[in-house]
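User: Can you walk me through the fold of this one? I want the sheet and the helix packing.

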Amino acid sequence: MMQGAAIGLDIGGGSTKVGLISSTGDLLASRRVVLAEGADFPAILAQYRAAIADLGADGLPVGIAYPGHVDRVRGLGLNSNVPALDDHPLAAALGRGVLLNDADAAAVAEARHHPETRMLMVTLGTGVGVSMIIDGRPLETAGGTLGDSGHLNLDPSGRHRCRQGCTGCLESVASGEALARDATAMAGTGESPALVVELQASGTVSAAAACRAALAGDPGALSLVAQMADWLGMAVASWRASFHPDLIVFGGGLSALGQPFIDQIRGRADARSLPFLAAHCRLTLARLGNDAGMIGAGLAALAP
Ligand SMILES: [Zn+2]
């Protein structure tokens, strides 16, 4: 079972997934490591080593999906949502470690399920992650990422600031965070019956609740989704012009909105794109779910 296998670590804000990944990208077994409150680097490292030992995988190559920028030369991560790990030699500490950005890791795994050569992957979670895979490998400009392409500046009003600090960017108007904010505001006006119920029950409206309301046909929630599709259509037209992808894949929590959402985005994008780019670029939903980062990290550790 272990022949040619690797460990894939997918680090998140509160927990890390540790998986045993086969050379063909199958998840053979996994553990979830919940980081202790206030844990420092040595403490987290000990938790990771214990999980790897528990999988019987000591000595296998390790791929690490890092939730921030990556300095590959020094084998460390930066600017993440797990500050205790930033600027520490994580790759070396885990033995034969390979470090890559978490959105890139998920995209590496996803790309294996599509025949196209150039794939752009858009992860619509709390924020917006964008990765480009060419012939199975991530395209990196600096910091182990495709710049910060989720922060394309689109909204001339600049009325919202994203959680990273810029105003008027895609993430500030079309992300889980933006949807939760706009749905909560809409519920306050009483415009949407489903969102009002959610606000009364929870005191706020989450992005997931807004998606559920839209899928159930709530007109207010549907109008918020259409607004997001409009912004994402503009972004797709810009990404197409910048990178000429053959395929754009949408993953993350908001992809639960499904094919009708993708069709809306495509309609808005095609109306704005150079015609030959619109004709040659497919838009689709991600095949893989939450395990993609773990699988892609393991595959990256096995890459020649
Ligand atoms: Zn931004």
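**Sheet and helix packing**

Analyst: In strand 2, Leu-20 is the bridge partner of Ile-7. Strands (E, at least two residues) and helices (H or I, at least four) are DSSP runs, numbered from the N terminus. This is a predicted model: local features need pLDDT of at least 70, side-chain atom pairs count only at pLDDT 80 or more, and totals for chains, interfaces and linings use all residues. Residues are numbered from 1 along each chain as its sequence is written.

User: In which sense do strand 1 and strand 2 pair, and over how many bridges?

Analyst: Antiparallel, over six bridges, between residues 6-11 and residues 15-21. Two strands pair if DSSP finds at least two bridges between them.

User: What is the strand order in the open sheet?

Analyst: The order is 3-2-1-4-7, with mixed pairing. Strand 3 (27-34) and strand 7 (97-101) are the edges; each has a single partner strand, so one side of each lacks a neighbour in the sheet.

User: Changing topic. At what angle do helix 5 and helix 6 pack?

Analyst: About 100°, with the axes 8 Å apart. Axes are lines fitted to C-alpha atoms, for helices over the stretch in contact, and angles run from 0 to 180 degrees between N-to-C directions. The two helices are therefore roughly perpendicular (65 to 115 degrees).

User: Which residues make the contact?

Analyst: Ala-183, Thr-184, Met-186 and Ala-187 from helix 5, with Leu-195, Val-196, Glu-198 and Leu-199 from helix 6. Contact here means C-beta atoms, placed from the backbone, within 7 Å.

How values were computed. Parallel < 35°, antiparallel > 145°, perpendicular 65-115°, else oblique. Contact = placed C-beta atoms within 7 Å.
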